[in-house]
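Here is a short report on one protein chain. Please look over the sequence and the model first.

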Amino acid sequence: MLRSALLYCFLLLAYVCMANDRIKQTSFIHFYGDTIPISTDSSVFVDYQMPNQEVAIRDFYRQLNQGTIGSVIDSILAYRTRHDLDDWVFYHLIRATAEKLSPKASNYERYTLYKWFLLVNSGYASLLSITPDKILLYIQSDEEVFEIPTRRHKGENYVCLNYHDYGQIDFTTTVFSEVNAGFEPSGKSFSYVIKKLPDFSSQRYLTKEIDFEYYQRDYKFRILINPDVQKIFTNYPVLNYAYYFNMPMSRITYGSLIPLLKKQLYKLEQKKGVDYLMHFTRYAFAYESDSAQFGKEKRLSAEQTLLYNYSDCEDRAAFFFYLVKEIYNLPMIVLSYPKHVTVAVNFGKKLGKNAIQYKGGYYYICEPSSQQVDLKLGEMLPDWKTAPYQIVYEYKTGANKNSTSYIQ
């Protein structure tokens, strides 16, 4: 009798301990000024230790999948739908969620496995490749990405999402094996296209003053910028120019700049207005090469160009392009020379003999980067006149105002 009573007490105590261990609590993911509540219990934490082994990774996935992490995934998917997040921005939410569940600094491999699990269960085709001491996370994408490792799986292209964490890897001497997770990667293809930035809180914006001289007159603009935009694009890969040239500004930065420029240009005829934007872009920023500023190739969008104190010819071309598109919506082509990138604008008519003829239209170089001489609209340096170039991007207007065309 006593033995039965003791056994009952032991089982009751074990049940109470287990129940207490699985008590749900509310945590918050901090995401660019917003807070997202998630419900968690002990089952959302699964440990993982080095060295990397396929069997251990499969066991990690199985244990996590048996717990209550589904409610966490439901929360971030609902947030994505509610705020219409693009894939790249949603990936940042996945990173923030993984950081909350398993901090990167505590166990990098476990943090990476959480990202992988969240991606797979958010509907993306994702896979892992490992060595005993390294783990690379890949996402299926049909878009062309430069300077980042990719791998093929069942005829599909997968792009590495965390290569930057390792600096450089010599794949000729370091052999990775693809993890068989026990299921075939499936889901939507990941896109790097940015159609919308998060609607940041106004409290996270800073004021930046930009000034330049235009025909012996000084102009000053006080615009609002948000350092969070830099964070979002810290590890954004090198892509075709169209991605950066068409990338939108955040709502508050746009509202602090574009209406002011439109007001400034209201009484100017189109050609003079474009000339103003060309000189604004040319002289409002200090020049620095990507290698000097970032230590690698990095292309900036219009808003990113505003955030940094320095920019190169590619960045200024993107900034000028964006201004012309938003204010005048004129057809444009982007010209890539061996060591230079610039923009040519179609004004709908022939303006002079310096035109570049392309698909029946006349395009005029509008050089947005400062040179040794103050180039006028349609002018280029003598060396460029005979230098080979490629038209790497074309922006069309007309019936479909926002149509774009990629030049392969």
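## Charges and basis of the model

Lys and Arg count as positive here and Asp and Glu as negative, while His and the chain ends are not counted. A charge is placed at NZ of Lys, CZ of Arg, CG of Asp or CD of Glu. The protein chain has 46 positive and 43 negative charges, and their mean positions lie 5 Å apart.

The model is predicted: local features need pLDDT of at least 70, side-chain atom pairs count only at pLDDT 80 or more, and totals for chains, interfaces and linings use all residues. Residues are numbered from 1 along each chain as its sequence is written, and side-chain values use heavy atoms, with hydrogens and water left out.

## Overall picture

The protein chain holds 13 helices and 17 strands. Both are DSSP runs, numbered from the N terminus: helices are H or I with at least four residues, strands are E with at least two. The C-alpha trace spans about 105 × 50 × 40 Å along its principal axes.

Of the 408 residues, 50% are buried. Buried means under 20% relative accessible area, exposed over 50%, and partly exposed in between (1.4 Å probe, protein chains only). The chain exposes about 20300 Å², and carbon and sulfur atoms supply 50% of that area. Areas come from the Shrake-Rupley method with a 1.4 Å probe; for residues, only the protein chains shown count as cover.

A contact means heavy atoms within 4.5 Å. Take the contacts between residues at least 6 apart in sequence: 64% of them join residues at least 24 apart.

## Nonpolar cores

A nonpolar core is a set of buried Ala, Val, Leu, Ile, Met, Phe, Trp, Tyr and Cys residues joined through side-chain atoms within 4.5 Å. The largest has 123 residues. Those with the most contacts inside it are Ile69, Tyr192, Tyr236, Phe245, Leu257, Leu277 and Phe280. Helix α12 (residues 313-327) gives the largest share of this core, 10 residues. A second, separate core has 12 residues, including Leu335, Tyr337, Ala344 and Tyr363.

What does Leu257 touch, leaving aside its neighbours within four places in sequence? Its contacts are Ile223, Met249, Phe280, Leu306, Phe319 and Leu323.

Two strands pair if DSSP finds at least two bridges between them. An open sheet of 5 strands runs in the order β5-β6-β4-β3-β7, with antiparallel pairing. Its edge strands, β5 (150-153) and β7 (177-178), each pair on one side only.

Inside the sheet, 3 bridges join β4 (residues 134-140) to β6 (residues 156-160). Tyr138 has Cys160 in β6 as its bridge partner.

## Two hairpins

Strands β1 (residues 25-31) and β2 (residues 34-40) run antiparallel, joined by 7 bridges. His30 stands opposite Thr35 in β2. This hairpin has 2 residues between the strands, and Tyr32 takes a positive phi near 50 degrees.

Strands β8 (residues 206-213) and β9 (residues 218-225) also run antiparallel, with 8 bridges. Glu213 stands opposite Asp218 in β9. Here 4 residues lie between the strands, and Tyr215 takes a positive phi near 50 degrees.

## Ile29 in strand β1

Ile29 is found in β1. Why does Ile29 count as buried? Because its relative accessibility is 1%. Beyond its neighbours within four places in sequence, Ile29 has contacts that include Ile36, Ile38, Ile76, Leu93 and Ala96. The C-alpha atoms of Ile29 and Leu323 are separated by 35 Å, and the two residues are 294 residues apart along the chain.
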